[in-house]
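Let's take a walk through this model together, beginning at the ligand and ending with the chain as a whole.

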Amino acid sequence: MKLHNGTQVTEFVLLGFAGQHKFWHILFLVFLVIYVTTLVGNVGMILLIKIDSGLHTPMYFFLQHLAFVDLCYSSAITPKMLQNFIGTEKSISFTGCMVQLLVYGIFATCDLYILAAMAVDRYVAICNPLHYPVIMSQRVCTQLLVASYFMGFTNASVNTSFTFSLKFCKSNEINHFFCDEPPILALACSNVDFSIMLLAVFVGFNLVFTVLIIIFSYTYILAAIVKISSTAGRKKAFSTCASHLTAITILYGALSYMYLPHSSTETQEHEKAASVFYGIMVPMINPMIYSLRNHEVKEALKGIRKKCF
Ligand SMILES: *[C@@H]1O[C@H](CO)[C@@H](O)[C@H](O)[C@H]1NC(C)=O
């Protein structure tokens with residue numbers, strides 16, 4: 001819908017993917033399976049860590065919260081997207097759109113910080129094993145978690161409030177499958193330069209800061225692992241990092257694909273594909289990485305199976 005100058009938008013339309021109306025059955029089914037897998041995987045991970053006392057360590061404390069965060073941000077996006085595949089009307093209210101951007105912004109940022117906190121945890125565990133229980137105390141873990149949520153909340157509330165204080169009068173059709181900031185800014189008729197700059201500063205800071213923490217931690221971890229003389233010891237030290245490194249590689253791989261420049265004609269569809277991966281696939285993959293590649297999680301699962309049958 002084209003709007004007359006001066007009318008303020010009260011609801012938006014989420015256009016989704018180009019040509020989605022032809023394949024909506026398949027798309028609906030695929031994303032439903034992905035979402036159900038995400039729910040089962042992450043809820044399962046949270047419960048498993050709660051039940052198994054062998055997993056009550058700082059690493060699993062963070063992993064449990066990572067599962068919760070993944071659950072929240074995929075739930076902010078996917079149910080509405082599924083509804084829009086089926087429905088003929090693809091609208092979302094102004095407030096709904098705001099809430100979606102806010103929730104997505106909080107948890108997507110929090111995800112980065114929890115992964116960084118996990119890198120610090122691995123660093124202390126491997127480079128300073130004697131003081132590990134003292135340094136990574138319950139209190140410190142809680143503080144790191146609270147700081148992650150604080151960063152998420154700051155990012156999301158600042159960016160969301162500036163975005164939605166703009167005037168929207170060009171059109172109300174968001175060329176995306178959820179209310180992400182760049183496609184919303186494209187609809188504003190007030191000057192968006194400040195909002196774009198603000199978003200770039202926040203996203204840039206959050207990305208660079210967490211990447212630096214991860215790189216520093218893993219540089220020290222690698223240096224420590226190289227010094228271990230026995231192959232078995234080296235393997236053991238590395239195996240505790242393997243799942244975490246895999247998760248980080250996938251997440252930052254998706255993010256760099258999203259933010260690195262690409263040809264402008266395909267930009268919007270390209271941007272959507274990257275967001276699907278980042279917002280919908282990553283939360284599904286994370287619990288798989290941690291349960292498939294992780295010896296302790298496998299043991300905990302076996303223990304539960306034995307108890308049940
Ligand atoms: C921050 O918040 C914005 C808007 O809510 C969101 O688009 C962005 O992905 C968030 N992430 C980071 C890393 O800052």
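A residue is near a molecule if one of its heavy atoms lies within 4 Å of it. Around the ligand there are 14 such residues, and Leu101, Thr109, Asn155, Glu181 and Asn206 come nearest. Keep in mind that this is a predicted model, where local features need pLDDT of at least 70 and side-chain atom pairs count only at pLDDT 80 or more, while totals for chains, interfaces and linings use all residues. Residues are numbered from 1 along each chain as its sequence is written, and side-chain values use heavy atoms, with hydrogens and water left out.

Thr109 instead faces a ligand nitrogen, at 3.2 Å. A polar contact is a pair of N or O atoms within 3.5 Å.

Which elements give two or more residues to the shell around the ligand? They are helix 3 (94-127), helix 5 (138-164) and helix 7 (193-227), with helix 3 providing the largest share, five residues. Here helices are DSSP runs (H or I, at least four residues) and strands are too (E, at least two), numbered from the N terminus.

Stepping back, the protein chain has 10 helices and three strands. From the N terminus on, they run β-α-α-β-α-α-α-β-α-α-α-α-α. The C-alpha atoms fill a box of roughly 70 × 45 × 35 Å, taken along the principal axes.

Key: Polar contact = N/O pair within 3.5 Å; in protein donor to acceptor, adjacent residues only side chain to side chain.
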